[in-house]
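The following note sets out points for a colleague who is examining this model. Please read them with the sequence and coordinates open.

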Amino acid sequence: MTSISENLKNIKSTLPEQVTLVAVSKTKPVSDLMEAYEAGQRIFGENKIQEMAEKHEIMPKDIEWHMIGHVQRNKVKYMAEFVSLIHGVDNFKLLKEINKQAEKHERTINCLLQIKIASEDSKFGMTLSDAEAIFQSEDFSSLKNIKVTGVMGMATFTENEAQIKNEFNSLKSAFDSLKNIEHPNFKPETISMGMSGDYKLAIACGSTMVRVGSSIFGHRS
Ligand SMILES: *Cc1c(COP(=O)(O)O)cnc(C)c1O
């Protein structure tokens, strides 16, 4: 078995310069995260707010914490002080709550709009026209403490590469059609797509941020 630092090094050597690596450390002990940290990794992704907050509390403060999981509105307050990027924003009410909590801490929180690209019912996300409607709403303009910096998507869990590729392409084209919108709360730069099994394909389809867990830290039990 290869070590965490070797896994990281191998993956990073294959990533183009413009692609950011989020090390997905959910369920893993702090000692594993520290091994990645010692190897130079500074961006970690978690899918549970409580777990992320606990790890943030005890780990070095130059880490960027990304929330990659589904977010319940009543839990935003537990991460508002420190979270760097929230990937899974899939409704406007959630965006408003993130803005409200960010304001309390006098900061701006970057968010990605989660677009539903998978055919599976289990995946969260909004349609492209839902996203366009958000940008057009007056309410959105009143949110001074959030910035939408791009989109995120999750492909269907399948072996069918052609299908995954189609879904990634649809996220890329959603980003391309949104990116021309000019709005003070919108700075389009990130397409978050690709995980351990499909990040190479995601990059070929235009991903700028990959979320890789098991290929770095090993399988989760
Ligand atoms: C767990 C998770 C990942 C990482 O998955 P791996 O297959 O372990 O790389 C990426 N994105 C999201 C949203 C996740 O929940």
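**Points on the model**

1. Lys-75 lies in the loop that joins β3 (64-67) to β4; helices (H or I, at least four residues) and strands (E, at least two) are DSSP runs, numbered from the N terminus. This is a predicted model, in which local features need pLDDT of at least 70 and side-chain atom pairs count only at pLDDT 80 or more, while totals for chains, interfaces and linings use all residues. Residues are numbered from 1 along each chain as its sequence is written, and side-chain values use heavy atoms, with hydrogens and water left out.

2. Lys-75 counts as partly exposed because its relative accessibility is 36% (buried means under 20% relative accessible area, exposed over 50%, partly exposed in between; 1.4 Å probe, protein chains only). Between Lys-75 and Glu-97 there are 9.7 Å in space, C-alpha to C-alpha, although the two are 22 residues apart in sequence.

3. Lys-75 also belongs to the lining of the second largest pocket, together with Asn-47, Lys-48, Ile-49, Gln-50, Met-67, His-70, Val-71, Gln-72 and Tyr-78. On a 1 Å grid over the protein atoms alone, a pocket is an open set of points where a 1.4 Å probe fits, with protein on both sides within 12 Å along at least five of seven lines; lining residues have an atom within 4 Å of a point. The volume of this second pocket is about 170 Å³, a volume being the space filled by probe spheres set on the points, which are joined across faces, edges and corners. Its lining comprises four nonpolar, four polar and two charged residues (Ala, Val, Leu, Ile, Met, Phe, Trp, Tyr, Cys and Pro count as nonpolar, Asp, Glu, Lys and Arg as charged, and the others, Gly among them, as polar).

4. The largest pocket has a volume of about 830 Å³. It is lined by 29 residues, of which Lys-123, Met-154, Phe-157, Met-195 and Arg-211 are the closest to its centre. Both α7 (161-178) and β8 (209-212) supply at least two residues of this lining, which by class has eleven nonpolar, eleven polar and seven charged residues.

5. His-87, in strand β4 (residues 85-89), is buried, because its relative accessible area is 0%. Apart from neighbours within four places in sequence, its contacts (heavy atoms within 4.5 Å) include Val-22, His-66, Met-67, Leu-113, Met-152 and Arg-211.

6. Gln-101 sits in helix α4 (residues 92-104) and is buried, because its relative accessibility is 5%. Residues up to four places away in sequence aside, Gln-101 touches Val-76, Lys-77 and Ala-80.

7. Which residues of helix α1 (residues 4-14) are buried? They are Ile-4, Asn-7, Leu-8 and Ile-11. These lie on the same side of α1, because they cover an arc of only 100° around the axis, the arc being that of the directions from the helix axis to the C-beta atoms. The face turned away from that side carries the exposed Lys-9 and Ser-13. The packing partners of the buried residues are β1 (20-24), α2 (30-38), α8 (199-204), β8 and α9 (214-217).

8. Helix α5 (residues 128-136) has Ala-131, Ile-134 and Phe-135 as its buried residues. They fall within an arc of 95° and so line one face of α5. Packed against them are α4, β5 (109-114), α6 (138-141), β6 (146-152), α7 and β7 (186-192).
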